[in-house]
Every structure is written in C-alpha cells, then in structure tokens.
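Thanks, everyone. Let me put the model on the screen and walk through a few places in it.

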Amino acid sequence: MPATTDNNVELIISAQWILPMTGDPRTAALQNCSLIIDQGKILAIEPSAQAKAKYTAAEHVELGEHVIMPGLINAHGHAAMTLLRGYADDLPLMRWLEDHIWPAEAQWVDEQFVIDGTELAVAEMLKGGTTCFSDMYFYPEAAAEVARTSGIRAQITFPVLDFPTPWAQGPDEAITKGIALHDSYRAIERITIGFGPHAPYTVCNEVFERIAVLSAELQAPIQLHLHETQGEVDDAIASHGERPIDRMQQLGILTPRTQCVHMTALNDSDINITALNGASVIHCPESNLKLASGLCPTQALLDAGITVALGTDGAASNNDLDMFGEMQTAALTGKITANNAEAISAYDALTMATLNGAKALGIDHLTGSLEAGKMADVIAISLDEITSLPTFNLASLLVYTNQSRNVTDVWVDGKRLLRNKLLTTLNETDIKRNTLAWQQKMAKPKN
C-alpha cells in the first residue's frame, strides 16, 4: 500500500529489530527499520534513515534497543476466571470443574464479576504483549464491552450448554442472546462474536446441529473444547459409540470456521478428519499439563497442514495469561510428544502465537503479522536487559527466555495501549482494588 500523497503519517515506530512474522523464517528479522502507520494501518516497513527522510509523522517513537513484532494472540481463554486464580489447584479436570469451579461460579458469577475479572485479564494480557484474545465465558456482553473500551482486539464466543448457567437458562436463551450480541457488534471490526458450545459432553446433538446452521448463515466462528482428555474420548465411545470428533463431523460442526480447543487425545483418524474439514486447533499446553489432561501432538498436526494456535486457557487452570511462557512450553512439550528435538522450533512457536492465531480466528487479513495493509497491532520488547544478552537469534531469545517482563509498549489499531509499561486505557489502581474486594468476598465461608 503506498504512503499518503503528501507523506504525512500518524505514526512511525523505529527500533533496532523488526520481526514481521510473515511465515517465512528465512526473512525473520529486519535491522534498523521503521514501521510506518496511518489511520491505524501499516503502510510500509522501511529502513529507518529512509523513512525519516521520506515521511513526516505526527508522532515518531524511537525505541532503540528493542524488537517490534506483531502482538500476541491468546486464542482461547476464560478471561473473567482470572478472579479464580489459585482458587482450586492440583486437581484432575472433572474434579476441578464439578467439585470446585462450577459451584464457585454458581455462587459468585454475575455481570460485575465478569466486568472486573475481564478488566484484570486484559490488563495482564496487554502488559505481557497480547493484543488479541478469544474468550468463552458467561455474560459475554460484559466481556465484549471491556474489550471495546480498553482497545484490545477480541473474539467473544458466547457459551452454550444444555443446562442452566449464571447467564442463560438453557441453550435456546443462550443462542438468542448470543445472536443479538453478534448483531450489535457487526460494525465493530475489532471485536468478533462467535458460538461457544462448551463441549460434546455438555451439548446435545440437536443444539450442535442448530449451531452448525447458524454459524454458516452468519459466517460466525465456533469454538469448543474437544478431545481434552482420554477419559472424555473413552466416555463418548461408551455412551455414543463413537469418538467425539466423529460425532462433530456428522453434526456439521467441523468447518474452516471451527476452533478445536485442547485436542490432546488424538489418533491418526482424528488428525485426518480435522485436516479434511479445515478446522483449526487451539493448543493450551500449560493448562493441559497442570490438569494432567494430556499433550497435544502439535508437530503431527502441523505436518498434516492444520493451523495450530496457542491459548492460555483460564487463569484458574494455568495460572497466568502469559503468552511468552505458553510459547516456551509449547516448544518444549512439542519436542517431547514428537520425540524429536527439531520439532516445534522457536519460530514455529512464535508463528502459533501470532499469524496462526490470526488464521485460526479468521482475522489474518487484519492482524497476525506486520505487513502493509494490516492493522497496526504491535508490541515492543526491550533487548537491553541482562536476560536478553547475548542475542544470537531473535526467535530463540523470545521463546526460550520468556520476555513478557520486558514488553514496554503495545499498540492495537495504531492506538497505544501500553506506554513504557503503563496502561493507557485501563486504571490499574482500580483493577487491583476491585480484585482484592472479590478476593475478600470469596474467601468468606459460603452460606
């Protein structure tokens, strides 16, 4: 895309390194270059000396010893559950859910809980370099509003379950309210609304079939937990006579708009079905490890041509929303599952957290890489810290040394949401006060 006619632009960001993440590791890093931004979009990447001579910028941010790269995409989570961080730990998935998390949600979750919890989550994510997140939780209207006002990019998938929840009395009400939310955000490109059928074991065939039809009509994404544990698969075979992914295929749920979360218990047929239907996989390695759910065979999925993105899951089962840590864990566990030290390279892990995340969410035309025409979702990471030296390979440094603490600045749509490690659209003092109030409330004996 050419520069504006008079070469006046809103923003230039200059740094020692630019990591565009366009998918080709051979051209991974550019040195002493600048990002040219106008009207929230990237116009060009040019050598800094050339950019300075060619453009007149309303603001020129010169970062020096930094790397600038696409913002990270947290492709699966439950943002408001950040208020349940550490509430129930060291338990297997179903005991964790049925004995602790679901009862706590029934007692405490309301619209204010979701507002305060989502603000806490967004603040943590922005400070760690995440510029886009996917959320599946109750009161999605509240989460969407926090995303809108904070400036972060988001995919909000409204939860659908067969039984009553704090937000809806059943699937009919959830779908009706969810479609209304979808319609209200049609004109806001930064926020996508999709369907969130929880899992095959909490949603019946009729509801899945209805969601498949509506998703096609609205061209809206579907995100669901699938093959999260071997126990889930075994129970499905015992009750339905087939594997969950076979059932999802027959019900029309698996399409290129579908995001399958976890996918730890897979055989060759499962992988082939996922690939043939064009569905994506959202890998949440740290949550899967903590709940002992299993390990996703990420290299096998990539080899099959499947888009694999990364998510943190909720902070109740992680216990953070640190995508740099998630990249490191994904690279390390990917090597173990493949029994190959060359599997899931550092660049592969970075791609999962950026471009692949955008592809999985269907927004790679907007974000996921630093390219002309895309929105300016950008993060800056300081490289002058002791933990960043020496710097032989940027991808290796970013993945294997966890640089989240060195994120200094964040832009979404060209708007600066983090300036020198300080949030610009969220009040950190208020967020801390609200969080401590919930901690004190939930720590009291239950009625």
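Start with the contacts of His 76. Contact here means heavy atoms within 4.5 Å. Leaving aside neighbours within four places in sequence, His 76 is in contact with Ser 134, Gln 223, His 225, Val 261, His 262, Ile 282, Cys 284, Leu 310, Gly 311, Thr 312 and Asp 313.

A word on the source. This is a predicted model, where local features need pLDDT of at least 70, side-chain atom pairs count only at pLDDT 80 or more, and totals for chains, interfaces and linings use all residues. Residues are numbered from 1 along each chain as its sequence is written, and side-chain values use heavy atoms, with hydrogens and water left out.

Back to His 76. It sits in the loop between strand 6 (72-74) and helix 2. Helices (H or I, at least four residues) and strands (E, at least two) are DSSP runs, numbered from the N terminus. Is His 76 buried or exposed? Buried, at 0% relative accessibility. The cut-offs: buried is under 20% relative accessible area, exposed is over 50%, and partly exposed is in between, with a 1.4 Å probe and protein chains only.

Now His 225. It lies in strand 10 (residues 222-226). His 225 is buried too, with a relative accessible area of 5%. Its side chain makes a polar contact with the side chain of His 76, at 3.3 Å. A polar contact is a pair of N or O atoms within 3.5 Å; within protein, one must be able to donate a hydrogen and the other to accept it, and residues adjacent in sequence count only if both atoms are side-chain atoms.

Next, the aromatics. How many aromatic pairs does a search of the whole structure find? Four. Rings of Phe, Tyr and Trp (its six-membered ring) pair if their centres lie within 6.5 Å; planes under 30 degrees apart count as stacked, over 60 as edge-to-face, and the rest as tilted.

Take Trp 102 and Phe 163. Their ring centres are 6.1 Å apart and their planes are at 65°, so this pair is edge-to-face. Trp 102 is in helix 2 (residues 93-108) and Phe 163 is in the loop between strand 8 (153-160) and helix 5 (171-184), so the pair ties together parts 61 residues apart in sequence. Trp 102 is partly exposed, at 28%. Phe 163 is partly exposed as well, at 36%.

Then Phe 113 and Trp 438. Centres 5.1 Å apart, planes at 80°, so edge-to-face. Phe 113 lies in helix 3 (residues 111-127) and Trp 438 in helix 16 (residues 428-443), so parts 325 residues apart in sequence are tied together. Phe 113 is buried, with a relative accessible area of 1%. Trp 438 is buried, at 5%.

Last stop, helix 13 (residues 346-353). Seven of its eight residues are buried, so it is largely enclosed by the rest of the structure. The buried ones are Ala 346, Tyr 347, Ala 349, Leu 350, Thr 351, Met 352 and Ala 353.
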